[in-house]
Amino acid sequence: MAGIVKGEVRNTGHLKRFGYVTLTSDDPDSIIAGGVKGHEFHYWDSSNCGSSWKGVKTSGKVYDCGHEEGNISVGFPHLYYYSNPEVPYRFLRRCEAWGSVKKARPDERRIEEDSGRGA
């Protein structure tokens, strides 16, 4: 939709990976380090759902999901922050750090914005 993750997205016409999930990552610096609970409820699927996180359904089914690279953390699961309150705090700290980097280098921001328009 936004072109951030390479792949094709399509409406499947039925629910995909519906239900509760526990997400984990092997990366100790992951935004979901320590694990977080969530749920999925969507009719859309992608040819590239990611492999940064492991999802474990209540049925025991395990699958790869989520993209976490640089300042990007995206995926289909909706996170339940009360299951690991450190997750939203990590997100906010990363936003703050990213904002500080961009303020320190305003020329890079303009270049990135220009390249996003196809200029």
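User: In this predicted model, which residue forms a salt bridge with Asp-45?

Analyst: In the predicted model, the closest N and O atoms of the Asp-45 pair are 3.7 Å apart, and a salt bridge is counted within 4 Å. The pair links distant parts of the chain, since Asp-45 sits in strand β2 (residues 36–46) and its partner in strand β1 (residues 9–24), 29 residues apart.

User: Which residue pairs with Glu-40 in a salt bridge, and how many residues apart in sequence are the parts that the pair ties together?

Analyst: Glu-40 forms a salt bridge with Arg-17, with the closest N and O atoms 3.5 Å apart. Glu-40 lies in strand β2 and Arg-17 in strand β1, so the pair ties together parts of the chain that are 23 residues apart in sequence. Glu-40 is buried, with a relative accessible area of 2%, while Arg-17 counts as partly exposed at 22%. The partner is therefore Arg-17, and the separation of the parts is 23 residues.

User: Which residues are linked in a network of salt bridges?

Analyst: A search of the whole structure finds six salt bridges. The residues linked in a network are Lys-16, Arg-17, Glu-40 and Asp-45.

User: What is the N to O distance in the salt bridge between Lys-54 and Asp-64?

Analyst: The side chains of Lys-54 and Asp-64 meet in a salt bridge. This pair links distant parts of the chain, with Lys-54 in strand β3 and Asp-64 in strand β4 (residues 62–65), 10 residues apart. Lys-54 is partly exposed at 34% relative accessible area, and Asp-64 is partly exposed at 36%. The N to O distance is 2.4 Å.

User: Which element supplies the largest share of the lining of the second largest pocket?

Analyst: The second largest pocket holds about 320 Å³ of space and is lined by 16 residues. At least two lining residues come from each of β6 (72–74) and α1 (86–104). The largest share, five residues, comes from α1.

Notes:
Residues numbered from 1 in each chain as written. Predicted model: local features only at pLDDT ≥ 70, side-chain atom pairs only at ≥ 80, totals over all residues. Heavy atoms only, no water. 1 Å grid on protein atoms, 1.4 Å probe; cavity = no way out; pocket = protein on both sides within 12 Å on 5 of 7 lines; lining within 4 Å. Points joined across faces, edges and corners; volume = space filled by probe spheres on them. Helix = DSSP H or I, 4+ residues; strand = E, 2+ residues; numbered from the N terminus. Buried < 20%, exposed > 50% of the residue type's maximum accessible area, 1.4 Å probe, protein only.
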